[in-house]
Amino acid sequence: MISIAQLTRLPRKFEKYYDRQFLPLLERTGLSMREIHVLLFLANHPGQDTAREVTELRGLAKSQVSQAVEVLTGLGILRRQADGVDRRIIHLAITEEGIPLAREAQAIQAACGRRMLAGLSEQERAVFLGLLERVLTETEAL
């Protein structure tokens, strides 16, 4: 039977594993994992493109998102654009120069997921992901 200690250890172990996969990219670009998180969020969630959405949906602190956006815009990876209707809303977009980096980060992310589930059969993966979704849904409801 899985203990609570195992369940609480899992997110930390996953995060360490996940972050390690990005080390070569981080070393090559000088970016931080926080900046990669923001870039990946924007690449993976079209239409959810404000700092507020990154903060709320990705679970990063507002200050972390602000700092990451500053770095990424300063490097020309992101650009800010005022909303056409409400000028208080600022949309974030990956620039043409940033697209190759976003795609590379997405490829690392996808490979990470494949390696993590490589030991499971197709059926086991489907069952595992279904159960994981149910558990996450339950914890969000609490």
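Predicted model: local features only at pLDDT ≥ 70, side-chain atom pairs only at ≥ 80, totals over all residues.
**View 1. Salt bridge between arginine 28 and glutamate 104.** The side chains of these two residues meet with an N to O distance of 2.7 Å. Because arginine 28 belongs to helix 2 (residues 23–29) and glutamate 104 to helix 6 (residues 99–116), the pair ties together parts that lie 76 residues apart in sequence. Arginine 28 counts as exposed, with a relative accessibility of 54%, whereas glutamate 104, at 30%, counts as partly exposed.

**View 2. Salt bridge between arginine 52 and glutamate 56.** Here the side chains meet at 3.1 Å, again given from N to O. The two residues are four apart within helix 4 (residues 51–58), and arginine 52 and glutamate 56 are therefore separated by about one helical turn. Arginine 52 is exposed, its relative accessible area being 62%, and glutamate 56 also counts as exposed, at 53% relative accessibility.

**View 3. Salt bridge between arginine 80 and glutamate 70.** In this pair the closest N and O atoms are 2.4 Å apart. Arginine 80 sits in strand 1 (residues 78–82) and glutamate 70 in helix 5 (residues 62–74), and the pair, with its members 10 residues apart, links distant parts of the chain. Arginine 80 counts as partly exposed, at 40% relative accessibility, and glutamate 70 likewise counts as partly exposed, at 48%.

The model has five salt bridges by the rule applied, which requires a side-chain nitrogen of Lys or Arg within 4 Å of a carboxyl oxygen of Asp or Glu; among them are the pairs of arginine 28 with glutamate 104, arginine 52 with glutamate 56, and arginine 80 with glutamate 70.

Notes. Residues numbered from 1 in each chain as written. Heavy atoms only, no water. Buried < 20%, exposed > 50% of the residue type's maximum accessible area, 1.4 Å probe, protein only.
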